[in-house]
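This report describes selected local features of one protein model. The sequence and structure are shown first, and the commentary follows.

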Amino acid sequence: MTKVKSYEIQEEKIFLPGHSACPGCAMALSLRYILNTMGPNTVGLIPPSCMGPIMGAQPYSSMLIPIFHNSFESSASSAAGIKRALKARGKDDVNVIALAGDGGTYDIGLQALSSVAEHNEDIIYFCMDNEGYMNTGTQKSSSTPRYAYTTSTPGGKKTKKKNIVEIMAAHRIPYVATATIGYLDDLVYKVRKAKEIKGTRFILLLIPCIEGWGFPENDVATMARLAVQTGVFPLYEVEDGEKYTINHGPQGLPIENYLSRQRRYRHLTKEQIAEIQCEVDRNWRRLEKLASLFSFKES
Ligand SMILES: Cc1ncc(C[n+]2csc(CCOP(=O)(O)OP(=O)(O)O)c2C)c(N)n1
Ligand code: SF4
Ligand SMILES: [Mg+2]
């Protein structure tokens, strides 16, 4: 495993207090570190999602960068268009970032995102993955994990979470990574690294959602860490579609430590918990194999 070194995290004050996220929201916290790292020379694209209220209602804004509110399905293509327009005006040094939810990425924005990735457009796409359509009252998305309660899956979701990292890696774009505020050094390292690369870059952030998952607001960082430590959400990078680097993986903690803290899983049977454990273990073994394949190729 390749862990990143710890370093001082700069504070640019691009993200201001007074926004309207739920108190303690992991999305707002992640945004603060993303914007601090991207710096003021950045344009942001925001589709309908929790990020909308976090940004605020015009003419007010919690962000000291230009923001464009695009339609739900067009974050990637709108970002690519803005980047091209800036380039045509000689402003190629401006970073263009999309800040979209999982519904706007795994589901409704996937076609635009795939096309943008295939063209290797020069943008950074952040998917703020809270595993559901939270802004509209916790409906399921294709990122919602199996058996999780949502208002549109009251008996628990029947199908598995889509693997968006592999979908994006399959486009052979230069950089794909997972991150979460539970590992801040790692998150900032990945945003910095993405910023230095040209072409389509995709970072998937796990956003433990106080409202949608059902846990106390002071547990956000704990939930983010537990997701990694139980193996639900390993932190890793995929470069050019084939170089897998694992940064943080499971630490032998049973999945129950993560599930039992969330209201959305409180109906689970012992058999369902065992099934989820098997799935997490299988996914981890697969990821380790992918990472070892590349080191084998290099040697
Ligand atoms: C085409 C279209 N369909 C539906 C909506 C309504 N809508 C607004 S936000 C939202 C949920 C967004 O979910 P996600 O992308 O996961 O972001 P989150 O709210 O979870 O941050 C929906 C369904 C919309 N604005 N446009
Ligand atoms: S619903 Fe979840 S993601 Fe949205 S603002 Fe509240 S805690 Fe944050
Ligand atoms: Mg969501």
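## Glu131 and the loop that holds it

Glu131 is placed in the loop between E4 and H6. The model is a predicted one. Although Glu131 is not a glycine, its phi is positive, at about 65 degrees. Most residues other than glycine have a negative phi. With a relative accessible area of 3%, which is under the 20% limit, Glu131 counts as buried.

## The magnesium site

The magnesium ion (ligand 3) is coordinated by three residues: Asp102 through OD, Asn130 through OD1 and Gly132 through O, at 2.0 to 2.1 Å. Along the chain, the donors of this ion follow the spacing D-x27-N-x1-G. Asp102 belongs to the loop between strand E3 (95-101) and helix H4 (103-107), whereas Gly132 belongs to the loop between strand E4 (124-129) and helix H6 (164-169), so the pair ties together parts that are 30 residues apart in sequence.

Both of these residues are buried: Asp102 has a relative accessible area of 1%, and Gly132 has a relative accessibility of 5%.

Ligand 2 sits in the second largest pocket. The residues around ligand 2 are Cys22, Cys25, Met27, Cys50, Asn130, Cys209, Ile210 and Glu211. Asn130, one of the residues around ligand 2, also coordinates the magnesium ion (ligand 3) through OD1.

Sorted by class, the shell around ligand 2 consists of six nonpolar residues, one polar residue and one charged residue.

## Helix H9 and Gln229

The buried residues are Val220, Met223, Ala224, Leu226, Ala227, Val228 and Gln229. Following H9 is Gly231, which has a positive phi near 90 degrees.

Gln229 is found in this helix, which covers residues 220-229. The relative accessible area of Gln229 is 15%, which places it among the buried residues because that value is under 20%. Leaving aside residues up to four places away in sequence, Gln229 touches Tyr183, Gly249, Pro250, Gln251, Gly252 and Leu253.

Arg172 is another residue that has a positive phi although it is not a glycine, here about 60 degrees. The place of Arg172 is in the loop between H6 and strand E5 (175-180). Is Arg172 buried or exposed? At 55% relative accessibility, Arg172 counts as exposed, because the limit for that class is over 50%.

Most peptide bonds are trans. The bond from Gln58 to Pro59, however, is cis, with omega near 10 degrees. Pro59 is located in the loop between helix H2 (51-55) and strand E2 (67-69).

## Ala274 in helix H11

Ala274 lies in helix H11, which covers residues 270-298. Its relative accessibility of 41% makes Ala274 partly exposed, because this class lies between the 20% and 50% limits. How far apart are Ala274 and Asp129 in sequence and in space? The two are separated by 145 residues in sequence and by 24 Å from C-alpha to C-alpha.

Technical notes: Residues numbered from 1 in each chain as written. Chains lettered and ligands numbered in written order. Predicted model: local features only at pLDDT ≥ 70, side-chain atom pairs only at ≥ 80, totals over all residues. Heavy atoms only, no water. Near = heavy atom within 4 Å. 1 Å grid on protein atoms, 1.4 Å probe; cavity = no way out; pocket = protein on both sides within 12 Å on 5 of 7 lines; lining within 4 Å. Sits in = over half its atoms within 2 Å of the grid points. Nonpolar A, V, L, I, M, F, W, Y, C, P; charged D, E, K, R; others polar. Helix = DSSP H or I, 4+ residues; strand = E, 2+ residues; numbered from the N terminus. Buried < 20%, exposed > 50% of the residue type's maximum accessible area, 1.4 Å probe, protein only. Contact = heavy atoms within 4.5 Å. Donors = N, O, S within 2.8 Å, 3.2 Å for Na, K, Ca; no water.
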